[in-house]
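Dear colleague,

Here is the structure you asked about. My notes on it follow below.

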Amino acid sequence: GGGGGGGGGGGGDCLGGEDCARTLLCPPHPPRPRKALLHPPSSSYDDALRGRPETLASASDDFTVFLWRPSESSAPAARLHGHAAPVSHLAFSPDGAMLATASFDKSARVWDGVSGAFRAKLLGHVGAVYRLAWAPDSRLLATASKDSTLKVWDAAGGGTKAVAELPGHADEVYALDWAPAPGRGGAGGGVASGSKDRLVRIWKH
C-alpha cells in the first residue's frame with residue numbers, strides 16, 4: 001500500500017502527535033545548558049545543619065516519636081514518650097533547635113530538636129490536636145484542633161499557656177501554615193487555616 005506519506009519519508013520533520021510516536025521520527029532535543037546556581041542547595045542545607053548531624057523524626061500511633069540520625073546509625077537515636085494517644089503531626093522549628101508534636105490526646109509537646117529532651121506540654125485544646133506550624137523565627141507555635149480552634153504558643157519562651165486563641169471556624173481544623181512577612185524580622189505575617197467547615201481563614205500576626 002502507498003500510505004507512507006510523511007511517516008515513511010526519512011527526511012520529513014516530525015510535528016508531534018500519534019504518527020510521531022508510532023514511527024519514532026522525532027529527533028532528540030539537544031540538551032539545554034545548565035546554569036550555575038548562585039547558592040547551591042547543598043551549601044544552604046549545610047548552613048542549616050550548623051555542624052549538627054542530620055536528624056529525622058518519625059511519629060507513630062503507638063504514642064511515641066523516634067529521632068534518627070541516618071548518617072550515623074540505622075538504630076533510633078532517641079525515643080520520645082509522653083503522649084497518651086497516637087501522634088498526629090510533628091515539625092522541627094526552622095532553626096532546628098526544637099521539635100513539636102501534636103496528638104489525639106488533646107495536647108502538643110515541645111522537645112529539644114537535637115537530644116530529644118522534653119521541654120514543655122501545651123494544654124488547652126478540648127479536642128484532638130491535628131496540625132501544628134512554627135513561625136519563621138522559631139519563636140511562636142500554632143496548633144489546630146478538632147475543637148474548631150487554633151491556638152498560638154510562645155514555645156521558644158517556654159510558656160505552657162496559649163498567648164492567643166483563634167476561634168472562628170465552625171468545625172474541625174485540618175490544615176495550618178504560617179506565612180512569612182518580609183521586613184518583620186522573620187516573625188511571620190500570620191496563619192492560614194483550613195477547616196471541615198469549607199473555609200480557609202487568614203489570621204494576621
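Please keep in mind that the model is predicted.

Tyr 130, at 13% relative accessibility, counts as buried. Across the whole structure, a search finds 4 aromatic pairs. One of them joins Phe 104 and Tyr 130: the ring centres are 5.9 Å apart and the planes stand at 65°, so the pair is edge-to-face; the cut-off for that class is over 60 degrees. Phe 104 sits in the loop between strand 5 (98-103) and strand 6 (107-112), while Tyr 130 belongs to strand 8 (residues 129-134), so the pair ties together parts that are 26 residues apart in sequence. Together with Tyr 174, Phe 104 and Tyr 130 form one aromatic cluster.

Trp 111 and Phe 118 also make an edge-to-face pair, because their planes are at 75°, with the ring centres 5.6 Å apart. Trp 111 is buried, its relative accessible area being 2%. Phe 118, with 46% relative accessibility, counts as partly exposed.

An open sheet is formed by 3 strands in the order 1-2-3, with antiparallel pairing. Strand 1 (56-59) and strand 3 (78-80) are the edge strands, each pairing on one side only. On average, neighbouring strands of this sheet are turned by 20° against each other, direction ignored. Between strand 2 (residues 65-68) and strand 3 the antiparallel pairing runs over 3 bridges. Opposite Phe 66 stands Arg 79, in strand 3.

Regards

Methods:
Residues numbered from 1 in each chain as written. Predicted model: local features only at pLDDT ≥ 70, side-chain atom pairs only at ≥ 80, totals over all residues. Heavy atoms only, no water. Pairing = 2+ DSSP bridges. Helix = DSSP H or I, 4+ residues; strand = E, 2+ residues; numbered from the N terminus. Axes fitted to C-alpha atoms, helices over the stretch in contact; angles between N-to-C directions. Phe/Tyr/Trp six-rings, centres within 6.5 Å; stacked < 30°, edge-to-face > 60°. Buried < 20%, exposed > 50% of the residue type's maximum accessible area, 1.4 Å probe, protein only.
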